[in-house]
Amino acid sequence: MTFKLSLDPGEKFAINGAVIVNGDRHAVLTVDNQAGVLRDSDVIREDEARTPATRLYFVCMLSYLDADAADSHYPRFSEHMDAFMDVVENPRVRLICAQVSLAMMNREYYRALTGCRELIAYETLILGDIDAEQRLQNRA
């Protein structure tokens with residue numbers, strides 16, 4: 001499956017964990033094989049993962065960008081998911097949690113990231129976290 005990535009000048013992105021910076025011109029890259037690709041705006045650094053949902057996203061992101069090491073991240077994912085599920089009562093959000101967990105078990109890491117974005121949106125709504133809200137808006 002071919003994946004096209006259109007990049008602005010100076011835009012950063014990661015491919016399988018390697019951070020790459022586009023040069024001074026607009027560029028379009030084509031990735032012809034399976035690879036973990038994220039724009040810088042979709043990357044959360046560990047020190048930014050301060051809430052339960054962003055911690056989940058961070059661990060899923062690590063698994064996505066380095067699928068060979070994903071098994072080593074799963075216990076941490078499971079710990080964060082258990083903690084998140086302990087405080088969430090909303091049935092729709094619990095379903096998303098189940099879908100994220102299933103995606104992780106099936107090694108569908110990008111799908112897990114997509115679900116985590118929904119969890120971040122929910123968390124932002126409930127907590128009124130301005131920082132999380134801005135991160136969410138930057139991803140849109």
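1. Glu 118 is partly exposed, at 34% relative accessible area (buried is under 20%, exposed over 50%, partly exposed in between; 1.4 Å probe, protein chains only). Its salt-bridge partner is Arg 92, with the closest N and O atoms 3.3 Å apart (a salt bridge is a side-chain nitrogen of Lys or Arg within 4 Å of a carboxyl oxygen of Asp or Glu). Arg 92 is exposed, at 52%. Arg 92 sits in helix 3 (residues 91–105) and Glu 118 in helix 4, 26 residues apart (helices, H or I of at least four residues, and strands, E of at least two, are DSSP runs numbered from the N terminus).

2. On sources: this is a predicted model, where local features need pLDDT of at least 70, side-chain atom pairs count only at pLDDT 80 or more, and totals for chains, interfaces and linings use all residues. Residues are numbered from 1 along each chain as its sequence is written, and side-chain values use heavy atoms, with hydrogens and water left out.

3. The whole structure holds seven salt bridges. One of them joins Glu 11 and Arg 39, with the closest N and O atoms 2.5 Å apart. Glu 11 lies in the loop between strand 1 (3–7) and strand 2, and Arg 39 in strand 5, so the pair ties together parts 28 residues apart in sequence. Glu 11 is buried at 18%; Arg 39 is partly exposed at 27%.

4. Glu 48 and Arg 45 also form a salt bridge, at 4.0 Å from N to O. Glu 48 is partly exposed at 23%, and Arg 45 is partly exposed at 37%. Shared partners join Asp 40, Arg 45 and Glu 48 into one network.

5. Three strands form an open antiparallel sheet in the order 3-2-5 (two strands pair if DSSP finds at least two bridges between them). Strand 3 (18–21) and strand 5 (37–39) are the edges; each has a single partner strand, so one side of each lacks a neighbour in the sheet. Strand 2 (residues 12–15) pairs with strand 5 over three bridges. Ala 14 has Leu 38 as its bridge partner in strand 5.

6. There are two aromatic pairs (rings of Phe, Tyr and Trp, its six-membered ring, with centres within 6.5 Å; planes under 30 degrees apart are stacked, over 60 edge-to-face, the rest tilted). Tyr 64 and Tyr 110 are tilted, at 5.4 Å centre to centre and 55° between planes. Tyr 64 is in helix 1 (residues 52–65) and Tyr 110 in helix 4 (residues 109–127), 46 residues apart. Tyr 64 is buried at 15%.
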